[in-house]
Amino acid sequence: MSEEDGDGVDHGPTSSHRGDHTGGETDERDGARDLERVVAAVRDRVDPDEDERARLRDIADRLMERAETAATELCADADVLQVGSTARNTWISGDRDIDIFVRFPPSLDRETLADYGLEVGHATIPDGHEEYAEHPYVKGTVEGFEIDVVPCFRLESATEIRSAVDRTPFHTRYLQQRLDDELAADVRLTKQFLKGIGAYGSDLRTRGFSGYLTELLVVEYGGFRPLLAAVADWQPPVELDPEEHGRETFDDPLVVIDPTDPDRNVAAVCASDNVARFQHYARSFLERPRIDVFEPDDPAPLTEVDLRDHLERRGTTPVAVRFEAPDLVADQLYPQLRKSLDGITTGLDDRGFDVFRATAVADETAAVLVELAVSERPAVERHEGPPVHVRNHAEGFYDAYAEDSDAYGPFIEGGRYVTERDRAFTTARGFLESDRLFDVGLGAHVETALEDGYEVLSGDDIVALLDEFGPELAEYFTPRP
């Protein structure tokens, strides 16, 4: 029995003897009941039970006390608070993240703040390790929970921030004042929905909906279902300003002015594809409520047979530039990969190789994979000049090519000068293996990695990517909305 059949929620079309005059109303009631059953089933999965809540509170309280003791020994004016989803009751069962912020007075300089923060972090998590964002912090595991101890400045307003983390306490306070138990439960539903469709996470690889953004949207629209109904009808650019205090203009598909900072768009990182993905699944779910939307659909790695079948069916030519992945955190690496992807695809398009679709992937190595509609071009390329009657430009064009013995022309066609000259690259591989690859816009660290060496794979040779990127190739060749 399928999961949809087994949960009694979605059984597909059924016959009915009801008259037409009640059909629409009955369908609406049935749909509402289906949605309620799905929501109830998902809540059973995502709502932490009392034992889980009690365990988290116990660990958080012990660590907060430890952090506060260490912080006040260093600075009498320091204080400690818990932030993030576990502080706002919006965490999903099974999540194991506790964020502890140690606030120091703004009179401290940044170097002292960082030193104090690390000292408090190590006192709180003796086995923790240091990580780095705008300034260092300590991360570690305590009884199965992932703990971050982060220093920040204690400020009067989010508009006075000196680093991005200084905003977080303001976000927590704002939402704690507006989230009741029902809305918090709807936030958990919405987060799981976004995880299921692959649009949750504000990291620069995903470029989706952050936890804070998700919470603001649920509060703004008053719950999970009204949010989905609104999203289904969004007409980007969508602009929301919960406190009606925005002062800036943003060129983003979704704009949500930070209630604590009138100059910031909380949704700035959210890519247009993820806004559209949220719309697609909001419409689909409201039309046919089902549990599988809430479950991430991670495809099985593509096999060599599958890959060859796709290539044969599509009749395109894949090429890939593969190189050692730069030693960067994901939030630094993926913007550079996207820039390099844009540069390489533009370079191929400009040379007539007609990019069909493309992607960039990274693990130990990185690869820019480009699928071409045209992989080989004639030995000559056409170059059109200005109309003959535009005398100055036309004469300049004619004189530039008249002495070129290797060119065909210039000749006149359609009232303008035309010449046919030798093409620099007749194959995409030839271009990608040449120094001209470095003329396109590449991310700085990607360019350095390419200078150290890279390989070009073409056609069936891309099966060499399967060992490392089987799941990513499965996503590429079997895309979903």
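A residue counts as buried when its relative accessible area is under 20%, as exposed when that area is over 50%, and as partly exposed in between, with a 1.4 Å probe and protein chains only. The structure shown is a predicted model, in which local features need pLDDT of at least 70 and side-chain atom pairs count only at pLDDT 80 or more, while totals for chains, interfaces and linings use all residues. Residues are numbered from 1 along each chain as its sequence is written, and side-chain values use heavy atoms, with hydrogens and water left out.

**View 1. N89 and D354, two residues with positive phi that are not glycines.** N89 has a phi of about 65°. The residue is found in the loop between α4 (85-88) and β2 (97-104); helices (H or I, at least four residues) and strands (E, at least two) are DSSP runs, numbered from the N terminus. N89 is partly exposed, because its relative accessible area is 21%. For D354, phi is about 50°, and the residue lies in the loop between α12 and β9. With a relative accessible area of 36%, D354 is also partly exposed.

**View 2. The second largest pocket and its lining.** A pocket is an open set of points on a 1 Å grid over the protein atoms alone, where a 1.4 Å probe fits and protein lies on both sides within 12 Å along at least five of seven lines; lining residues have an atom within 4 Å of a point. The volume here is about 1,500 Å³, where volume means the space filled by probe spheres set on the points, and grid points are joined across faces, edges and corners. The second largest pocket is lined by 38 residues, and G198, R205, R277, T359 and E475 lie nearest its centre. Two or more lining residues come from each of α7 (181-196), α10 (272-287), α12 (330-350), β9 (355-362) and α16 (466-477). Strand β9 gives the largest share, six residues. By type, the lining holds 17 nonpolar, seven polar and 14 charged residues. In this grouping, Ala, Val, Leu, Ile, Met, Phe, Trp, Tyr, Cys and Pro count as nonpolar, Asp, Glu, Lys and Arg as charged, and the others, Gly among them, as polar.

**View 3. The pocket between domain 2 and domain 3.** The assignment for the protein gives domain 1 (50-163), domain 2 (181-294), domain 3 (304-377 + 425-477) and domain 4 (380-422); such bounds come from an automatic or database domain assignment. The second largest pocket lies between domains 2 and 3, because both give residues to its lining. The C-alpha centres of domain 2 and domain 3 lie 32 Å apart. Four residues of domain 2 are in contact with five residues of domain 3, where contact means heavy atoms within 4.5 Å.

**View 4. Residues annotated as a binding site in the UniProt record.** The unreviewed UniProt entry places S85, R88, H171, K191 and Y200 under this annotation. Of these residues, Y200 is included in the lining of the second largest pocket. UniProt positions are given in the numbering used here, feature names are shortened, and annotations may be inferred rather than shown by experiment. K191 lies in helix α7 and is buried, since its relative accessible area is 4%. Residues up to four places away in sequence aside, K191 touches S85, T90, I92, Y200, G211, T214 and E215. Y200 sits in the loop between α7 and α8 (211-221) and is partly exposed, at 23% relative accessibility. Beyond its neighbours within four places in sequence, Y200 is in contact with K191, L194, K195, T206, F209, S210, G211 and T214.

**View 5. Two cis peptide bonds.** One of them joins P236 and P237, with omega of about 5°. P237 is placed in the loop between α9 (224-232) and β6 (238-240). The other runs from G409 to P410, with omega near 5°. P410 belongs to strand β12 (residues 408-413).

View 6. F477 is buried, at 6% relative accessibility. Although F477 and L302 are 175 residues apart along the chain, their C-alpha atoms are separated by 8.7 Å. Not counting residues up to four places away in sequence, F477 touches L302, L307, H310, L311, R314 and E371.

**View 7. R167 in the loop between β5 (145-153) and α6 (168-176).** This residue counts as buried, at 16% relative accessibility. Apart from neighbours within four places in sequence, R167 is in contact with I161, D258, D261 and R264.
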